Amino acid sequence: MDDSHAVVVGGGIGGLSAALALHRHGWRVTVLERAPELREVGAGLSLMANAVRALDALGLGPALRRGGHGEAPGGMRNRHGRWLSRVDASEMIRQLGTTALGVHRATLHRTLREALPASSLHTNATVEHVESGPDHAEVRYQGPDGPHTLTADLVVGADGLRSQVRAQLWPQHPGPVYAGSTTWRAAIAFPDPIPAAITWGPGAEFGMVPIGDGQLYWYGAVNAPPGGHAPDELAAVREHFGHWHDPIPALLAATPPEAVLRNDIHYLAAPLPSYVRGRVALLGDAAHPMTPNLGQGAGQAIEDAVVLGAVCAGGAERVPAALAAYDEQRRPRSQSVARASYVAGRLGQQLHNPIAFAMRNIALRLIPGRVALRSMARYADWRPPAG
Ligand SMILES: Cc1cc2nc3c(=O)[nH]c(=O)nc-3n(C[C@H](O)[C@H](O)[C@H](O)COP(=O)(O)OP(=O)(O)OC[C@H]3O[C@@H](n4cnc5c(N)ncnc54)[C@H](O)[C@@H]3O)c2cc1C
């Protein structure tokens, strides 16, 4: 291939996955990340089977299966610990052809980073302006030594929830909105074997996911006004969840206060009309920030990356047709996953009315296992493009 050059704005999971997918298809890539260091802030992640398959397509599946934890059977419980539904993990693996994975975000980020040429990664590089012409696109950014301009055949806007690239290319778009919930999360040392599971209380959810190497990731989400902060966030988590079933109190007791992160949840209520403008494509949270209720945000970003790499395999000359194919393949799927995730949150974590809450729990107990499995597998059953 000629010297096809892509600039990726943002070095999160989405940006690095995109850079790697393009690099594997022969592109020269430049990743511009505004942070002084390339790293992932956050605790753990659930990677559903679709995300694991996408990572397989990037050649990283084996390393991540070693570095993470193949999720054990789990399911849904009420806050007293009674199972509402259980997942038959072996049947799920049989249907989807792979386990889901629990992984530390830092492990995933490092694995992606190490698969890329170090010379392609630039930190302290804040992108200020992106412009697309018919034959090339231009990126202006502030580097540690002043302003720079880069010309590229393709620009990937992977700059996350508050994407500057999205705001610039779709200036009329209203941007993300608050979903009504705040979350706390932490990755902790907790060597006891625990199945990945979710617990629901009224307007609240607690989840736990083993992430390998004697570590466990937990999160707690509650309905709340936006912008809240507690002087001691761990104490706030204990107030909400400290009296829930075992092992939740033990997990909180094993959590150092400084390990706790708090984030309000935002999503794109108005889906974008396109992920592409000229030679610029949006990817990951820049394109489709979603609520975390289906554990699919990063998974969709990695899928985006794999498809982008595949459609761009023909190099710079075919970029316009490739990006049209990218938009066509990725927008309907990622937007339907985002919608389903929002609905899952409304009927799951956010459900608060006592009657609706009790009816939902009864219904869950009555649903046959294979029906529950089918609905859980629905969005995880994705295969990368052939070739
Ligand atoms: C509480 C919570 C739990 C979640 N759990 C899961 C889960 O279990 N499974 C799952 O799949 N997903 C989960 N997600 C979603 C997942 O975290 C995101 O979808 C994913 O991290 C998005 O990656 P990204 O690379 O698109 O964006 P980001 O991770 O936001 O990366 C964007 C990068 O761009 C950089 N940047 C921004 N602006 C500029 C600029 N102007 N110039 C240069 N660089 C810039 C930023 O510094 C950042 O490094 C969860 C999200 C939350 C909030």
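Biologist: Is Ser 46 buried or exposed?
Modeller: Buried means under 20% relative accessible area, exposed over 50%, and partly exposed in between, with a 1.4 Å probe and protein chains only. Ser 46 has 19% relative accessibility, so it counts as buried. This is a predicted model: local features need pLDDT of at least 70, side-chain atom pairs count only at pLDDT 80 or more, and totals for chains, interfaces and linings use all residues. Residues are numbered from 1 along each chain as its sequence is written, and side-chain values use heavy atoms, leaving out hydrogens and water.

Biologist: Which strand holds Ser 46?
Modeller: Strands are DSSP runs of E, at least two residues; helices are H or I, at least four; both are numbered from the N terminus. Ser 46 sits in β3, residues 44–47.

Biologist: What does Ser 46 touch?
Modeller: Contact means heavy atoms within 4.5 Å. Leaving aside residues up to four places away in sequence, Ser 46 touches Glu 71, Leu 101, Val 209 and Gly 295.

Biologist: How many residues surround the ligand?
Modeller: A residue is near a molecule if one of its heavy atoms lies within 4 Å of it. Here 30 residues surround the ligand, and Ser 46 is among the closest, with Gly 14, Glu 33, Arg 105 and Asp 285.
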